[in-house]
Amino acid sequence: MSANALSEAQLSRVLIVDDNEDDVLIVRDLLAEITTRHFDLQWAPSYDAAREALSGHAPDICLVDYRLGEHCAIDLLQEFSGGAVPFVLLTGVEDYEADAAATRAGAADYLVKAHINAPLLERSIRYAIERKRSQQSVLASELRYRRLFESARDGILILDAATRKITDVNPYMTELLGFSRAEFLGKELWEIGLLGDARASAEAFRQLQADGFIRYEDLPLETKAGGRWDVEFVSNVYGQNGHQVIQCNIRDITERKRAENALRVSEARFQSIVANVPGTVYQFVLGPDGSVEIPFVNEGCRELFGVEPEEIQRHACLVMEAIHPADRPETQRLMAKSAQTLSPWRWEGRIKLPSGKTKWIQGASRPRRLPDGGTLWDGLLIDITARKEAEEERDRFFTLSLDMLAIMGADGSFKRLNPAFEATLGFSNAELMARPFVEWVHPDDRAAARKNLEKMESGLSARFENRYLCRDGSYKWLSWRTMPFEDLCYAVAHDVSKVKRAEAALHKANDELELRVIERTAELAKANQSLSAEIAERQMAMGALREAMGALQKAKAEEDQAREAADAANRAKSEFLSRMSHELRTPLNAILGFGQILQMRSLGPKESEGVAQILRAGRHLLQLINEVLDIARIEAGHLSLSREPLEVAAALRESLDLVRPLAAAQNIELVNTCDGDSAQTCHVLADRQRLHQVLINLLSNAVKYNRAGGSVTLRCTLPETDFSPSRLRIEVIDSGYGLAPEALEKLFVPFERLGAERSAIEGTGIGLALCKRLIEAMEGRIGVQSEPQIGSTFWVELPLAERTSMSLHPLDEDPALPLTLQDIALATQPATLLYIEDNVSNLKVIERLLADFPHFRLLTAMQGGLGIELAQQHRPDLILLDIHLPDILGDEVLSRLQSCAATRDIPVLILSADATQKRIDKLLQAGAANYLAKPLDIRELLRVVEEILRKRT
């Protein structure tokens, strides 16, 4: 046999039982001639060896000689034929009695050795193996069926189809009805009460014979003991061993019926609860394709949303559209997270009703995954408007209070602080809350502080004083009053440092007085002066003490009065600056606007110089206003900073590039020694825009106040000497005239120019004061060293940050603008613009600007209501909107335009003298296309108008 034939042939393990070795060799040679199988031969030369082989690893077939010494093959067959091994009997002579005996003993075949050939032997072996496997398969199938029949938890009856009598019943059926097996056998179904009387049973059998199958969904059944069960009855007909039988399956559905009844009761109870829940109960489905559906919502939606339940179910998007635009992104983020992680969804936010009213709602729901991959939330929405209004009122009191208000936890750390803490101690509230209360207390006061904390933890109120660390390293005395409530402690603190200093001064005066009295007494004793002189001296000392105490009390009263006056002055200053900013920016808009329009036209040399002077003066005034406002914001704690790791080298290069034109004009050399320095790879933690502002201010000052042909050098150092410096120092070194020591004290004072106001150098006197406040707001330091006639070095130190893949982005440059009005006119299509503005000068600026653009049609309105009407009637391509209008604020005008179907798609460009970032962000989030602060840059205005109109077309 070839290797391929061996690999494809079946392998059979053969045991030859024969005491004649020659016969074994003959059989082996015959098996070798068979090509359809491959045989693994084993020889047992005796009866005992055969028994041992058959008891171990059983072969696929056994070829056994009839005569085995003292034994006979029949004995071996009777012992092992009941197993899995088929036997083929081999004999030397034909003996029909032996053949019959072997067949009765279980032999698969009987072969005479003299007549055996390879095909006959192969056929006999194959028949014996296949027959044995078939028998085993039938037995296994019958065994599996019987096990299922016996263990089934449904009642099963087997009937003869001809006689309709029960021939078999499983144990569960006898258990179900209480009858014994004998009581079932030989009976018809009607006799045990399954199908009523004999007539009903006969009708059921006719239907069964016609259809081959019958089914009863709900059949009452009575047990032998008189009990009652509800069952499901299924019967079908099939053939078995040449005749038809009927199988009846009876399933107890009593518990299912009870569960269905309980479910109906539960459903009714659920509907009653849902109808009376104070809120909106709903089901929300987010499909795998992003579609939304609300399959259920109770009638509470009518009160919460002002919409009928049927309307919400038909248009599920009504709920999402009702969410306030400012809260919608957070809502969608939380929903996406809940859908992804199947975590509970909890949310608080605002909705806007069709009536225009805003409500606060609170939502809670639990998601579950649907078979199609979608997500379903079961949830509840409740109206929390009243609670939110109360919280807002409480928060306003907390935030605006001049007292230092705090909430502390049981762990001894702050949970919430009002702004008065930052104003008093200099640390941010985030820094104060990051460490336990006791760590900020003076080391000498910590033991007493811990005792007071223990007292508060036990639920007792407390009054105490201790010294508290400030940002500048000093300590201030704070007087505390605490009141515990539940697991929190509410506290009020007052800065009593001045009182403590006054008390210390008083104690010192008393001590000095006592020392003087002692010394005087000793002198009097030594001099043996008279007692009257001693008394007089004491009276004089007491008088001095009373005068000192009176002076101390008067000084304290004057100090309190001065503090109140300073606070009032600061408030008045902030309000004055805010109002003056708007009042100055509005006329400046007209001045700079008309000046820019004139500058863009062909003018004579004298007229061009006059216009340039107007624009230079106006921009100088605008710079002064902006710097003063920045200082006011810093002092009020309203300046918004975004600190991030910034690459120092990039920031320095960009700042130098901006100052190069000024330096070139004055023949000043700029030197950057940070290139090639190890410090150039450093990153500092700072606000990108404000750092540029400080660097440009210092560099421009170094250029302006330098000598002709001088130099300005940039240098970076790591001032610490240890192995892990925490700050980077940036130095701006000039070769100017330097500063006198007495001038350095006034250098960072607002509006103090140190005599430069009498020179031709332009300046406001507040640039360095603003730099100092900006650097300190970024947790840095700023300073100066200067020598007269040699030069000055201004330095800035900022915290180092970890190196990141981020780099400082260059300042955004203005996109290329058309050089002339004619270029701009050719760049846009005909369009209608509506300008809503109450200031006549500002209206005339825009009217004059657009007069040279015949493709622009300008409509104007000096009131918000009139502007809305004109927008609805004419539907302009762009609306220019001022914020401060006489009848309606610009915020409300924008909201009405957005809510009206006729105007919601019209872009709105805000033009306002209110340049606060908070106001800008609010209006952009409300839907404004862009926001330009007055005074306007005409070229920027035209560029933005062109960009918006291009997008619209």
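**Aromatic rings, a disulfide and local geometry**

User: Which residues form one aromatic cluster?

Analyst: Rings of Phe, Tyr and Trp (its six-membered ring) pair if their centres lie within 6.5 Å; planes under 30 degrees apart count as stacked, over 60 as edge-to-face and the rest as tilted. One cluster of such rings consists of F414, F421, F437, F464, Y468 and W480.

User: Which pLDDT do local features need?

Analyst: Residues are numbered from 1 along each chain as its sequence is written, and side-chain values use heavy atoms, with hydrogens and water left out. This is a predicted model, in which totals for chains, interfaces and linings use all residues, side-chain atom pairs count only at pLDDT 80 or more, and local features need a pLDDT of at least 70.

User: How are the rings of F179 and F184 arranged: stacked, tilted or edge-to-face?

Analyst: The structure holds 13 aromatic pairs. In the pair of F179 and F184, the ring centres are 5.7 Å apart and the planes stand at 80°, so the arrangement is edge-to-face.

User: And how are the rings of F421 and W480 arranged?

Analyst: A pair of aromatic rings is described by the distance of the centres and the angle of the planes. For F421 and W480, the centres are 6.2 Å apart and the planes are at 40°, so the pair is tilted.

User: How many residues apart in sequence are the parts that F421 and W480 tie together?

Analyst: Helices (H or I, at least four residues) and strands (E, at least two) are DSSP runs, numbered from the N terminus. F421 belongs to helix α16 (residues 419-425) and W480 to strand β21 (residues 475-485), so the pair joins parts whose separation in sequence is 59 residues.

User: Are F421 and W480 buried or exposed?

Analyst: Buried means under 20% relative accessible area, exposed over 50% and partly exposed in between (1.4 Å probe, protein chains only). F421 has a relative accessible area of 0%, and W480 has 1%. On these values, F421 and W480 are both buried.

User: Which residue lies over the face of W795?

Analyst: A charge sits over a ring if NZ of Lys or CZ of Arg is within 6 Å of the ring centre and within 35 degrees of the ring normal. One case is K500, which lies over the face of W477 at 4.5 Å from the ring centre. For W795, at 4.1 Å from the ring centre, the residue is R729.

User: Which cysteines form a disulfide?

Analyst: The term denotes a pair of cysteine sulfur atoms within 2.5 Å. A search of the whole structure finds 1 disulfide. Its sulfur atoms are 2.4 Å apart, and they belong to C674 and C716.

User: How many residues apart in sequence are the parts tied together by this disulfide, and is the link left-handed or right-handed?

Analyst: The angle about the S-S bond of C674 and C716 is 95°. C674 lies in the loop between β24 (669-672) and β25 (683-687), and C716 in strand β26 (residues 711-717), so the parts tied together are 42 residues apart in sequence. As to its hand, the link of C674 and C716 is right-handed.

User: How are helices α28 and α29 oriented: roughly parallel, antiparallel, perpendicular or oblique?

Analyst: Axes are lines fitted to C-alpha atoms, for helices over the stretch in contact, and angles run from 0 to 180 degrees between N-to-C directions; under 35 degrees counts as roughly parallel, over 145 as roughly antiparallel, 65 to 115 as roughly perpendicular and the rest as oblique. The axes of α28 (residues 864-874) and α29 (residues 890-899) come within 10 Å and cross at roughly 20°. That makes the two helices roughly parallel.

User: What separates the C-alpha atoms of C900 and I868?

Analyst: C900 is in the loop between α29 and β33 (908-912), and it is buried at a relative accessible area of 19%. C900 and I868 are 32 residues apart along the chain, and their C-alpha atoms are separated by 9.7 Å.

User: What is the phi of L342?

Analyst: Most residues other than glycine have a negative phi, and most peptide bonds are trans. L342 is found in the loop between α14 (328-341) and β15 (345-352) and is partly exposed at 36% relative accessibility. Although L342 is not a glycine, its phi is positive, at about 55°.

User: Which residues does a cis peptide bond join?

Analyst: P935 lies in the loop between β34 (930-933) and α31 (938-952). The cis bond, with omega about 0°, joins K934 and P935.
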